[in-house]
Amino acid sequence: MKQTHNKLTKPLNRFKTDKKPIISGGIVVFFIALTPFMFYMYESFPRTNSWETSLFTWKTSFPDWYSFAWYFSGKFIPLFLLLLWFFTCKHWWHWIILVPIAMYSFQLWGVLNESNNLDSLELYYIIPLMLVVVPSVYLIRAKLFARIRGNDLASFEAELGTKRSIWEQIKDLFR
């Protein structure tokens with residue numbers, strides 16, 4: 001006798017899962033769980049300006065290696081988490097995360113170069129990136145919402161021709 005399968009008599013293969021997303025997700029969760037430990041690694045650095053071991057001797061322009069490690073971990077951990085978020089985000093707006101990634105990258109570069117003006121000039125380096133990324137993301141948003149709403153060019157021109165107050169124009173940006 002031949003048995004037909006429907007939703008109720010379907011064989012129990014629903015428990016088969018693809019292990020690749022589970023493993024990669026587990027790795028991401030593991031690294032996120034490690035971040036508090038990575039942040040507090042600065043506590044193990046010496047409180048002297050010169051770090052001497054049997055292999056090397058390093059000096060820093062920071063007051064001590066403890067301060068250098070504290071600044072480094074304060075810039076690296078947020079950058080690390082933002083990069084994880086950027087590479088694992090599936091939303092259309094994930095490109096805007098490049099702005100804080102660039103900010104923390106420049107700040108981390110300043111710490112590694114042992115710059116005396118930490119967190120002061122990064123904004124000037126980020127402005128050109130923001131001039132490209134922010135309008136691009138907004139353009140993508142506008143195109144997506146226009147496609148979802150089904151706006152055509154004629155209705156768009158008619159909407160542009162109507163007189164509206166500034167408050168109505170601002171509300172239209174977020175509808």
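Two residues are in contact when heavy atoms lie within 4.5 Å of each other. With that cut-off, Thr-35 touches Ile-77, Phe-80 and Leu-81, leaving aside residues up to four places away in sequence. Thr-35 belongs to helix α1, which covers residues 19-39. Its relative accessibility is 8%, under the 20% limit, so Thr-35 counts as buried. The model behind these values is predicted.

Now the overall layout. The protein chain holds six helices and two strands. Along the sequence they follow the pattern α-β-β-α-α-α-α-α. The chain has 175 residues, and 19% of them are buried. Its accessible surface is about 14000 Å². Carbon and sulfur atoms account for 67% of that surface. Take the contacts between residues at least 6 apart in sequence: 55% of them join residues at least 24 apart.

Next comes the loop between α1 and β1, where β1 spans 50-52. Tyr-42 lies in this loop. Tyr-42 counts as buried because its relative accessibility is 9%. Beyond four places in sequence, Tyr-42 touches Tyr-66, Ala-69, Trp-70 and Ser-73. Phe-68 is 26 residues away from Tyr-42 along the chain, yet their C-alpha atoms are separated by 8.3 Å. The charged end of Arg-47 sits over the ring of Tyr-66, 3.7 Å from the ring centre.

Turn to the rings. The whole structure contains 22 aromatic pairs. One of them joins Trp-51 and Phe-56. Their centres are 5.7 Å apart and their planes stand at 80°, an edge-to-face arrangement. Trp-51 has 23% relative accessibility, so Trp-51 counts as partly exposed. Phe-56, at 28%, also counts as partly exposed. Phe-62 and Phe-68 form another pair, with centres 5.4 Å apart. Their planes meet at 65°, over the 60 degrees required, so this pair is edge-to-face too. Both Phe-62 and Phe-68 are buried.

In soluble globular proteins, nonpolar side chains tend to be buried together. Which residues make up the largest nonpolar core here? The six are Leu-79, Leu-82, Phe-86, Ile-97, Ile-101 and Leu-108. Helix α2 gives the most, with three residues. Beyond its neighbours within four places in sequence, Ile-101 is in contact with Leu-79, Leu-82, Leu-83 and Phe-86. Apart from this core lies another, of five residues, among them Val-99, Ala-102, Val-133 and Val-137.

Just after α3, Glu-114 takes a positive phi of about 55°.

Terms used: Residues numbered from 1 in each chain as written. Predicted model: local features only at pLDDT ≥ 70, side-chain atom pairs only at ≥ 80, totals over all residues. Heavy atoms only, no water. Helix = DSSP H or I, 4+ residues; strand = E, 2+ residues; numbered from the N terminus. Buried < 20%, exposed > 50% of the residue type's maximum accessible area, 1.4 Å probe, protein only. Areas by Shrake-Rupley, 256 points an atom, 1.4 Å probe, with all protein chains shown as cover. Phe/Tyr/Trp six-rings, centres within 6.5 Å; stacked < 30°, edge-to-face > 60°. Lys NZ or Arg CZ within 6 Å of the ring centre and 35° of its normal. Core = buried A, V, L, I, M, F, W, Y, C linked by side-chain atoms within 4.5 Å.
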